[in-house]
Structure formats: C-alpha cells, structure tokens
Amino acid sequence: MRSVLRIIGFSLVVLIIILLVNTFRLTSHQLMNVPPAAPINVSDSAIQRFAGAIRIPTVSYTDYSLTDTTQFDKFITYIRASYPLIHQRLNPQTFNQYGLLYEWKGRNPTLKPILLMGHYDVVPVIQGTQGMWKRPPFAGIIDDGYLYGRGTLDDKMGVMGLLEAVEYLLKTNFQPERTILLAFGQDEETSGQRGAQTIATALKQRGISLEYILDEGGAIKTEGVSGINKPVALISIAEKGYLSLELTAIGKGGHSSMPPAQTSIGMVAEAVSKLEHNPFPARLDGGADQLIDYLASEVPVEKRIVFANQWLFSPLIKKLIAETKSGNATLRTTTAPTIFRAGAKDNVLPIDAVATVNFRLLPGDTVEGVIGRVKEIIDNDSVTVSILGKGNNPAPLSSTENFAFQTIHKTIKSIFPDVIVAPNVMLGATDSKFYAALTSSIYKFSPMPMTEAQTAGVHGTNERIRVKDYRNAIWFYVTLIKNSQ
C-alpha cells in the first residue's frame with residue numbers, strides 16, 4: 001500500500017512540475033516596442049463625407065426586387081464626387097453595375113497584391129422601431145461625439161474609411177510598392193453573389209494571387225473578456241461555414257378529432273428536439289485554442305496554469321468558454337431552428353410539416369459531415385433532410401505566423417498601443433469567403449473599440465460610432481497600407 005501511495009505522490013509531484021514548467025515557460029505573443037504610427041490629419045470634412053454616406057439608404061433585401069438600386073446609384077455618384085483622385089488614378093471597375101473594384105498599381109510587380117474590402121449595403125431598419133432610435137437611422141446626425149445611423153458600424157465605416165485613407169495617400173504622392181486592390185460589394189447582407197462573388201471570379205480568371213485579404217470582422221473588444229482588464233483586438237483568422245437544412249415529414253392529414261399516434265408536426269418537432277438535445281461536440285482545435293494561446297500569458301496566474309496546459313484542462317476550458325452564447329458558438333458547429341411551417345386550420349391535420357434549421361460550421365467540419373450527423377441524430381426515415389439554398393464549408397484557419405498577420409498585429413499596436421491582440425474565429429459570414437481561391441491568408445478586422453452596447457447596435461437599434469474612433473480607423477488604414485509594402 002505504501003508503495004502505491006509513493007507512486008501516486010511521485011506522480012502528483014511530477015504533474016505539478018509539468019504544469020508549472022508549462023506555465024512559466026509561456027512567452028507573450030504580443031509585439032513589443034512597436035513605434036507609434038506617424039500621425040495624420042483627419043479633417044472635419046472627412047467626418048461630413050461619412051455622414052453624407054449614411055444619409056443614402058443603401059438597403060439590400062434578400063428579395064432583390066425589393067431593393068431600391070437608385071440608392072446604390074446615388075452612393076456611387078457620391079463617392080465619385082467625394083474622392084476624385086481615386087476615381088482618376090485607380091482604374092475603377094464595376095461588376096453587375098454596383099460591385100466596385102479599384103486597382104492601385106504598385107511599383108514592384110513581383111510583389112503579390114493585397115485586397116482590402118468591405119460592403120456598402122446595409123440591413124433594413126425593422127418596421128416599427130424607427131422611433132426607438134435616438135437619432136433617425138438615415139439622417140447622418142452627429143450627437144455628443146457619436147455619428148448615428150445604419151451602416152456606421154456595418155460596414156460603411158470600412159468602405160468610407162478605406163476611401164479616405166487612399167485619397168489621403170494619393171494627395172501626399174505616396175506610391176505603393178505592391179499593388180493595392182479595393183473591393184466593395186453591394187449585397188453582402190443578402191448573398192454577396194452579385195458583388196463579391198462576381199468580383200472574385202473575375203480576379204481568379206485574371207490569374208490574381210494575393211498576399212492577403214483584410215475584410216470587416218473582429219473588433220477591439222473593450223469589455224467582457226474574463227480575467228483581462230485591457231481591451232482585446234480580435235483578428236479573425238477564419239469564419240464559420242453556413243448551412244440551412246429543411247426537415248420535412250408527410251402525414252395523411254384528415255380531421256383533428258381522429259389524430260394518428262404521431263402527426264407530421266409531431267415527427268418534425270421530435271426531430272428538431274433531438275437536434276437541440278444533441279449538439280455538435282465542443283472542440284478547441286477550430287480556432288479557440290489559438291485564442292487561448294494568445295491570451296494565456298495575459299491572464300492572472302491561476303487561469304494561466306489552466307490555459308498553458310490545454311492538454312490536461314481542455315474539458316474545464318470548454319466548460320468555462322461555453323457558459324456564454326458567444327463562447328459556446330466559438331467551440332462548436334451550432335444548431336439553430338429558425339422556421340416552422342405546417343397547418344392552415346385548427347381542426348385539420350396538416351399533410352406536410354417543414355422545419356428549417358440553420359448551422360454555422362466550425363472550421364474542421366464539413367457540409368457533408370453535418371448532414372450525415374443530422375440524419376444519424378434524427379434516426380427517422382419518415383423525416384427527409386434537404387439542403388436549403390447553398391451551403392458552404394468553413395475556410396481553413398489562416399496563419400498567425402506570416403507576414404500578413406504580423407503586419408496587421410503591428411499596425412494595431414502602433415495605433416492602439418494598450419490593447420492585447422489575439423486571433424479568433426468569426427461567428428458570422430462575410431464577403432471574403434468568395435476570395436478563398438486567391439489566397440490562404442484571409443483576415444477580418446475592423447479597427448473599432450466596441451462596447452457590448454455598441455455591438456448590440458450592429459443590425460440593431462441606435463447603431464452608432466464615435467467620431468474619434470472613425471478618425472482612428474482612417475489612421476489605421478493609412479498605416480496598414482504603408483506597413484504592407
């Protein structure tokens with residue numbers, strides 16, 4: 001018995017030593033001693049141009065017939081007048097009339113171009129909520145240091161900020177070594193097929209290979225990162241895939257006074273219940289592990305021990321992360337029933353019942369794999385599973401060790417020296433997915449400090465941006481272009 005206790009005791013000592021060694025061997029991934037970016041003068045007229053862009057309601061609808069494309073015409077006319085040097089020198093091209101591509105030729109043709117992108121369409125304001133806005137959503141009003149309006153965060157900030165940055169550089173006679181491409185879509189909020197997909201196809205046909213892509217996405221999270229009292233700049237190194245499935249059951253119908261043991265509604269409801277009670281497994285290797293790796297050296301020592309030893313504490317880490325909705329979504333392919341259609345009268349059994357379930361695929365999962373697992377969980381041949389629309393697999397994780405990530409990291413530190421930089425996986429989808437064939441280095445980052453309240457404004461009520469933050473965004477884009485040479 002004593003020998004057993006000795007072995008156990010020795011093993012515990014060895015384990016503790018391993019845990020401590022791993023913890024104290026941690027090195028920070030943060031770039032140190034980054035010099036401040038050269039300051040630039042962002043004029044008040046730049047703010048007014050941004051406000052003017054917000055006043056043009058470039059709303060896109062899934063049903064394209066509802067989209068008022070005259071507003072797209074107004075927006076394009078507006079930016080042509082606002083940024084004359086860009087439209088004189090950057091070979092502007094349009095795709096499907098409203099998708100925009102600009103090419104700023106670099107001096108060194110051996111260097112791969114970079115692509116900086118965004119979209120100028122915005123989501124509608126929900127009917128009946130206009131009165132809940134502090135300032136009207138399309139008035140472009142500045143109040144108490146904030147510019148209010150639909151698109152201030154998603155994503156006219158990115159489009160106008162990039163245009164301001166390039167116009168500024170052109171005025172200073174800056175000439176890039178590598179070619180800079182700007183691509184702005186008009187339908188990112190619906191499908192991206194008329195804008196980004198068409199532009200990406202054209203670039204692929206031209207044989208373009210890119211050094212990296214930067215799209216909208218991760219922001220500077222100013223609160224809500226447990227154990228860290230500094231803002232965290234999240235550079236998304238991937239985004240989740242997308243899939244919607246329809247679950248359909250066919251019954252015999254008839255009078256509700258003589259129902260069968262299970263109706264078509266019952267079969268579909270049971271299938272949905274099974275999916276909700278059997279979520280996809282949590283995984284750290286879909287990108288969460290890299291986020292943890294970057295944050296490990298920045299948290300208090302008790303958490304550092306856990307983060308530095310994922311091999312042992314991964315179950316605990318998963319449990320901690322999964323306590324919030326966003327954290328849970330970071331760990332797994334998510335399952336979300338969104339639509340249910342069945343029946344027309346309260347005393348008539350419906351023949352068919354259909355439920356739509358939306359899945360956001362974690363990197364490492366596939367459309368085919370999700371469909372297979374769904375059928376396995378439902379385990380009912382009476383419920384058919386079919387794809388709604390077109391699903392897409394998640395792109396592979398982009399590297400954090402290459403020129404692109406380090407350049408973005410360096411640029412963030414030069415503008416926002418007090419933030420912690422970390423990679424993450426974007427839970428939503430962007431236009432950048434269409435460009436995956438042009439580079440393996442796709443990143444999503446919007447240079448904006450975001451509180452929880454501001455985050456709620458994206459696609460919501462009172463979307464707004466601090467004027468100071470927009471000035472810094474322009475500064476960021478100017479510096480990024482310079483650093484990318």
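Q: Contact means heavy atoms within 4.5 Å; leaving aside its neighbours within four places in sequence, which residues is Thr338 in contact with?
A: Bear in mind that this is a predicted model, in which local features need pLDDT of at least 70, side-chain atom pairs count only at pLDDT 80 or more, and totals for chains, interfaces and linings use all residues. Residues are numbered from 1 along each chain as its sequence is written, and side-chain values use heavy atoms, without hydrogens or water. Once neighbours within four places in sequence are set aside, the contacts of Thr338 are Thr356 and Asn358.

Q: Which strand does Thr338 lie in?
A: Strands here are DSSP runs of E, at least two residues, and helices are runs of H or I, at least four, both numbered from the N terminus. Thr338 falls within the run of residues 334-342, and that is strand β11.

Q: Is Thr338 buried or exposed?
A: With a 1.4 Å probe and protein chains only, buried means under 20% relative accessible area, exposed over 50%, and partly exposed in between. Thr338 has 52% relative accessibility, so this residue counts as exposed.

Q: How far is Thr338 from Ala355 in space, C-alpha to C-alpha?
A: Along the chain, these two are 17 residues apart. Going from C-alpha to C-alpha through space, the distance from Thr338 to Ala355 is 7.6 Å.

Q: How many bridges join β11 to β13?
A: Two strands pair if DSSP finds at least two bridges between them. Strand β13 covers residues 352-361 and runs antiparallel to β11. Across this pair, Pro337 faces Val357 in β13. The number of bridges joining β11 to β13 is 8.

Q: Which strands are at the edges of the sheet that contains β11?
A: Four strands make up this open sheet, with antiparallel pairing and the order β11-β13-β9-β14. An edge strand pairs on one side only, and that applies to β11 and β14 (383-387).

Q: By how many degrees are neighbouring strands of this sheet turned against each other on average?
A: Angles run from 0 to 180 degrees between N-to-C directions, using axes fitted to C-alpha atoms, for helices over the stretch in contact. For neighbouring strands of this sheet, with direction ignored, the average turn is 25 degrees.

Q: Which helix packs on the sheet and touches β9, β11, β13 and β14?
A: Helix α12 (residues 367-378) lies across β9, β13 and β14, at about 35 degrees to β9. The helix that touches β9 (241-250), β11, β13 and β14 makes about 150 degrees with the direction of β9. Its residues are 264-277, and its name is α7.

Q: Which residue in β5 stands opposite Asp143?
A: Strand β5 covers residues 146-148, and β4 pairs with β5 in the antiparallel sense over 2 bridges. Opposite Asp143 in this pairing stands Tyr146.

Definitions and conventions
Contact = heavy atoms within 4.5 Å.
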